[in-house]
Amino acid sequence: GGDNTETSEYGESSQSSQTPDTGDKNKNQFDYSDRAAQTFNNPSRNRGVSTEPPPVTQYTASVSQWQIYDSYVADYQILQMEHVHDNNTDKKKISFGAITTILEDDGNKEKDAMHSANMANALKIMERLANQNAEDEIFQDFKYWEDASDQFRECEGSLLPLWRFSTERTKRKQVTALCWNPRYSDLFAVGYGSYDFMRQGSGMICCFSLKNTSFPEYIFSTESGVMCLDFHPQHPSLLAVGCYDGSVMVYNVCNGSKKPIYSSSIKTGKHTDP
């Protein structure tokens, strides 16, 4: 019996010596504690608003040529009335005693709406829109086309033909000069004449624009063939032209006149040779 007691005591002492004391090591090093909290959730509400749709009416109308003409005439008459009202203050009054004479400007005469400047400008814009729409692929090539093989060529490149500028009146004439406008990058002037000096005729000047490639913007006729031309660097509307007979002319492409604003003559030292 004494042996068992000793054995049990020895076994307990051995177990206690083998089991590590982890009471201090199991404590949380970061003082972490689990806590639970319950939050209040707001109840969801559904709200709806009913509105009355706005009234809708259906309208149909047919547009014809005479209706368009009548609307243009009515608008032109309103503009004329406003123009006359503004010019009433510009009338010149000359009094001779009790008689007062009112002189009105002759430029206030009525003009046809179909041949007015506003109509011409509107038709010009419509023509450009129709032309650019018809040649959309060409205009896209003009902006973005690049030949990938050019990077493998040294000092060489490829050209892509885009437009051909021509008119019926210049088919039998030769292109003798060309220049671009310094301000408007889409506008250039072309001079027509003849390089056959034994057979000379009249000349012509055409101003083309890339915005309308079907017809020139301005056309001027000269008695002699054009040899050279150039725009003024500071005044881009002035175009100087040198002809075969030695005369020099200056045109203003914006004033709408077909005649030059300046032309040299024998009195001003005109050349007699080309």
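What share of the contacts in the protein with a separation of 6 or more is accounted for by residues 24 or more positions apart? Such residues account for 39% of these contacts, a contact being heavy atoms within 4.5 Å.

The model is predicted: local features need pLDDT of at least 70, side-chain atom pairs count only at pLDDT 80 or more, and totals for chains, interfaces and linings use all residues. Residues are numbered from 1 along each chain as its sequence is written, and side-chain values use heavy atoms, with hydrogens and water left out.

**Figure 1. Overview of the protein, with 4 helices and 10 strands.** Helices (H or I, at least four residues) and strands (E, at least two) are DSSP runs, numbered from the N terminus. Along the sequence, the pattern reads α-α-β-β-α-α-β-β-β-β-β-β-β-β. Of the 274 residues in the protein, 22% are buried. Buried stands for under 20% relative accessible area, exposed for over 50%, and partly exposed for values in between (1.4 Å probe, protein chains only).

**Figure 2. Asn 181 in the loop between strand E3 (174–180) and strand E4 (187–193).** Asn 181 counts as buried because its relative accessibility is 5%. A polar atom of its side chain lies 3.0 Å from the backbone oxygen of Pro 236. Not counting residues up to four places away in sequence, Asn 181 touches Leu 187, Phe 188, Phe 231 and Pro 236.

**Figure 3. Thr 213 in the loop between strand E5 (203–209) and E6.** With a relative accessible area of 8%, Thr 213 is buried. The side chain of Thr 213 makes polar contacts with two side chains: that of Glu 135 at 3.0 Å and that of Asn 131 at 3.4 Å. A polar contact is a pair of N or O atoms within 3.5 Å; within protein, one must be able to donate a hydrogen and the other to accept it, and residues adjacent in sequence count only if both atoms are side-chain atoms. When neighbours within four places in sequence are left aside, Thr 213 is in contact with Asn 131, Glu 135, Trp 163 and Phe 165.

**Figure 4. Cysteines in a structure that holds 0 disulfides.** A disulfide is a pair of cysteine sulfur atoms within 2.5 Å. Cys 179 is in no disulfide, and the nearest cysteine sulfur, that of Cys 207, is 7.9 Å away. Cys 206 is likewise in no disulfide; for this residue the nearest cysteine sulfur, again that of Cys 207, is 7.7 Å away. Cys 179 is buried, at 8% relative accessible area, and Cys 206 is buried, at 0%.

**Figure 5. The largest pocket and its lining of 16 residues.** On a 1 Å grid over the protein atoms alone, a pocket is an open set of points where a 1.4 Å probe fits, with protein on both sides within 12 Å along at least five of seven lines; lining residues have an atom within 4 Å of a point. About 300 Å³ of space lies in this pocket, a volume being the space filled by probe spheres set on the points, which are joined across faces, edges and corners. Lys 124, Pro 216, Glu 217, Tyr 218 and Lys 258 lie nearest the centre of the pocket. Helix H3 (117–134) and strand E6 (218–222) each supply at least two lining residues.

**Figure 6. Asp 112 in the loop between strand E2 (99–103) and H3.** Asp 112 is partly exposed, with a relative accessible area of 37%. Asp 112 and Tyr 76 are 36 residues apart in sequence and 8.8 Å apart in space, C-alpha to C-alpha.
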